[in-house]
Structure formats: C-alpha cells, structure tokens
Amino acid sequence: MSRERTAPLGRATADPLVATAACFVAGIALCRLCDPGLAVAYGLAAAAFLGWILWEGNLTLQLFALAAGALLHLFQTGADRSGPFFDRIESDPLPVTATGVVVSPPTTSPGTSPPRTRFHLGVERMESGGVAAEAYGNQIAVDLRDAPPLTYGDRLRLRGDLEKPEPPRNPASFDYAGFLRGQGIHAELWGEGRDLEKLESGRGNPLVAVALRARGWLSAQLTRGLGADDGEAGKLICAMALGLRDEAPAHLEDKFRLSGTLHVFAVSGLHVGIVAAVAWFAAALLAAAAGLPRGVATAAAIGAMVAYAMVTGLRPSACRAAVMGSIFFAGTLVGREPRVLNSAAAAALAILLLDTGQLFRPGFQLSFLVLLSIATLAKPACELLSRPFRPDPFLPAPLVTRRRRAVAVAGRHGASLAGVSAAAWAGAALLGWLYFGLATPVSIVANILLVPLAFIVLGTAAFAVALALVPHPLPAELANEANALWAKTAAAAAGAFSELPGGHWALPSPGHLTRDDCELTILDLPHGGAAAHIALRGGGDWLIDCGAARSFEPVIRPQLLAHAAGRPDGLLLTHGDGDHAGGALPL
C-alpha cells in the first residue's frame, strides 16, 4: 500500500494572503513612483493574468497581484486627470460654473476672516466660456469664503476659479496638493459664498448621511449639561469617543502627541478594540445565561465595531480597525482559527481595493505596523519583563507565601501591559520620526495609565448616551459631569508625561540629520509676512522674524520641527508689525 507524501504546513501555507497582500502593496508603491500610464498598466495586468491562467502557481499569482495593484492605483488616482477643462488650468485659473454634490462633510475655519468653508464636490457638470461638459466620476476640492451652512449630500451650483493645487511653497510645509492627488483630486475651485446656489439636499450616500447625523446627535448628548469650565473637557470627550479632533484645541492635542498617546486622543484601533471587547463580553454573558452558542458573542462584537465606525462618521481610522477586527473575528464563525498575520493581510487587501491611496497615509501605515509589531514582539517582551516577579522555580509550591503569589500575579499583569505598550512603541517609532519628528519613549509608561482611562471615558460616554434616552435630563448630565472629570484626568496625565525630562525627543527629519556650517532658509509667507530660519552646525537654531500668527502652525513650526528645534535658541525681530512679529506668542 502506497503512502501519500504531504508537504508540511509552513508559514507560506498557514498565512497564504501575506505574500499576495505584499505584492499588491508593492504594485501600488511602484505605480506611485513610476506612473507607467493606463495603456502600459493594462498590458502588464493582462499579461500577468494570462500567465497566472496558463501557469497556475504562487509566482504567477503574486505577479498578477503586483500588476493589479499598480493598475487599480493608477485608475483610482488618475481618473480625474481627464476631467473637463483640467488641461487648461496648468498655468492660469479658469472661471467655471460647476454643478455637483457635496461628498465630504464641510468644515469651516472660524479663525479666518472671513470664514472659509472647505469640502469635496462630486462634479456632475461643468461650464466655462459657454461650453458645457459632463464630469461624472470626477471630484474637485472647493474653498468658499462666507459660504452659507452646508451639509453632506447637498446638490449645488457654484461659480469660481478652477485651479491646479499648488505644491508646498516652503520645504517642511504640508503637501496639500499631494494629499489631494492621493485621493484622485487634481483640481481646486475657489469662490465666494454669494456665488453659490443650493439646488437640493439628500443626494449623498444614505449610509454616510445617517452616520454623520448620528455623530452630530451623539456629540450633543455627550456635552449636554457641561458648563463653560468643562468646555475643553467636552471637546476631549468628543475627540476620544467620536473622533472630532478638529474641535479640540491644538495645545490639548500636543499633550497627547508629546506623550506618545495620540491614539488615545483620537479614534483609533484602540477605541474600536475596546468597543468590541465590551460587546463580546456582554454578549457572551447573555449567551451563556440563555444557552446560546458562543458565536453570538462574536457576531455581537462584529456588529458593535461596524456600528461604532458609523457613529464616528465613518472616519478612516475607525473603518480600518472595524475591517481588521471583523475579518479577524469572522474566521471563528466559520470554524477557522484566526491568524493575526493572515487576517491583517486580508484587511489590507480589502481596504486598498476600495482606496489604494490609503497606503500612503500615516494612519494606515501606523495601524498595520503597530499591529504586526504587537503580534511579533509583545509575547517575548511580556515574558522578559515578568521574569523578576516569578517565584523561584526550585521552591516547592507549598512554601510559596500568599504575598509572593500576589506579587507574581500583579507582576505578570503589569508585565503584560508594559510588554504590549513597548511592542506598540517599537512599531510606531520609525514612522513617528519620519512623520512627526518625535521619539516618545515615555509612551511605554504613559499607555499603561492612559489606555485604562480611555476605557473609562468610552464606557462612561456609552452610559451617558443610554441615559440620554431617559425623559429627565439630570441622569445623563450627571454622567457627563463624571466623564468630564475622567477626561480632565486623562489630559492632566498626558500633560505630565509630556513634560517629563527625556520623555520625548525632537529628532531632525532624514534630510537634516547632517548640517552644513550654516543653513539659511528664507520662508515664503503670504501678505507681506517675513521669517528666516538659521540652522548652525551643532544644533543652534535662530529665527529672524516669525511671520504672522496665522503662519506659525502651517509654516514656522514645521520648519523648526524638521530641524529638531521645537524651541529655537533665539529670535530677532526687525519690525513691530503683525506680519513680522505676530507669531512670537505661539512660538
């Protein structure tokens, strides 16, 4: 009797999607670097697909995944280049009349005068010089002054100047044009609110509209009854529970950023994980009491993650975490043992199939890199940190005192928290340097305190929302007052950790690791503003003037952080007007 020989189950077969996802990601990255053009991309994808059919195997499958990633990215980000009149805005603005639907929540900048409203418009039709053209499938960014109140799904007709988004004018400033290009947006319309006509409402995606309305209602409930003294705490609650970061003051966000706990401040995978854990635990208890299968708890966790992603307004970070968690848990519903790497690869494929531009966003990269770091490093780190608390292995169990057992249990739990925190920091350290110019070793300790506080804030917020359904407002207001206390505690803890000596380091960007004897950068500021940065070998940084106050955050601060000079050594002011010295206070 012959015996069949089977290959041992190795890592490649245990996590089959990892290599496919890696090749798909590589295809997107190569397309971003090379931009081969649609004809070439279609040809390569067709050839790879034919090769996969004729010579079925892992190699041809990975080649097809690579070609498919490149083609999909080129299709998603390059489709808008063929929009009407886009070829006429390379040098000069073009007056147009555009008709379309608001496809992103409008945001207003109250600090500017007059206030400016920004949103993305899904264009249906565009006219210029008496010539009209259909533009379905194209989006443009819109910036209006003194615009009336707008909501997602409004159908508008507006006049303005169509322009090509400008690249950054200063070396360290945010590349807004590149950010738009990554979303497939290659044109920007500037106009006045008086040139806008609202045609109808409710034309957006119904699911997104419901999610945004739910977020607005929840925000109102979570801040109901809070006085003026608790205004900042209310904004922190909304940021932590619903992802409304834009409403929180910058100095509050800085506390969490400098303590390495920004994922606590804004909605992230941590928040989605907390919601899933609470839902699973509650459903498991009910299922056990009712004699239902444990799959009910898993289904409840998946439903809770999806619902939470919706009430945050379908923020990308919440959606990513919900997709990752749902795929991980879904395996148990069909009797498959979930594997972290394979589930992460499946989640990455699902997210990138919908939007390849996610690959180049810091949030996407941090989410997956931190997850992989925890999956690979957390267990060894926990074992290493728990060693000092273990009882002597040669000591008989009856001789181990109760106090020694308690120390061992407490040490094991503390080591688990510290190990996971250390693994998460290790995964985020490189990207933290590249994107934020920071190293935050204090986050290893800060997370041990702030993650439980985030759990308490989210739990109290959920309790307050449940009490909001009670006819009398007092119970919900009391819950909000209690939550404000927890939020203040979290902010104070983050601030204390951010001020610890050596807790965080400002690091120069890769391009500024080495310096010439003296580097002089004349910054390009609007409206006659002036500022110059002098960087000296050995770490000295000086500013000659500091521009207007409105220029500090977008221009002056990034320039200093790029050279690891959060606080310069000196400031020379040549004029007493606001365009030269207005940035001195925020500096």
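**Close-up views of salt bridges and a surface patch**

Welcome to this predicted model, in which the count of salt bridges comes to 22. The close-ups below visit some of these pairs and then turn to a nonpolar patch.

**View 1. K198 and D154 meet in a salt bridge.** Here the side chains of K198 and D154 come together, with 3.5 Å from N to O. K198 sits in strand β7, which covers residues 196-200, while D154 belongs to the loop between β4 (131-145) and β5 (155-163), so this pair ties together parts that are 44 residues apart in sequence. How exposed is each partner? K198 counts as partly exposed because its relative accessibility is 43%. D154, in contrast, is buried, with a relative accessible area of 0%.

**View 2. D254 and R557 join two helices through a salt bridge.** In this pair, the closest N and O atoms of D254 and R557 are 3.2 Å apart. D254 is found in helix α8 (residues 250-258) and R557 in helix α18 (residues 552-562), so the contact ties together parts that are 303 residues apart in sequence. D254 has 17% relative accessibility and therefore counts as buried, since buried means under 20%. R557, at 21% relative accessibility, counts as partly exposed.

**View 3. The pair of D254 and R557 belongs to a network of salt bridges.** Take a look around the two residues of the previous view: which residues are linked with them in the network? The members are E253, D254, R257, E553 and R557.

**View 4. D355 and R361 form a salt bridge between their side chains.** The N to O distance for this pair is 3.5 Å. Is R361 buried or exposed? R361 is buried, with a relative accessible area of 19%.

**View 5. A nonpolar patch lies on the surface.** Now we leave the charged pairs and turn to F49, L50, I53, L54 and W55, which form this patch. Together, these residues have about 560 Å² of accessible area. One of them, I53, has its place in helix α3, which spans residues 38-54. Why does I53 count as exposed? The reason is its relative accessibility of 52%, because exposed means over 50%.

Terms used
Residues numbered from 1 in each chain as written. Predicted model: local features only at pLDDT ≥ 70, side-chain atom pairs only at ≥ 80, totals over all residues. Heavy atoms only, no water. Patch = residues over 30% accessible without salt bridge, like charges linked within 9 Å, V, L, I, M, F, W, Y side chains within 5 Å. Areas by Shrake-Rupley, 256 points an atom, 1.4 Å probe, with all protein chains shown as cover. Salt bridge = Lys/Arg side-chain N within 4 Å of Asp/Glu carboxyl O. Helix = DSSP H or I, 4+ residues; strand = E, 2+ residues; numbered from the N terminus. Buried < 20%, exposed > 50% of the residue type's maximum accessible area, 1.4 Å probe, protein only.
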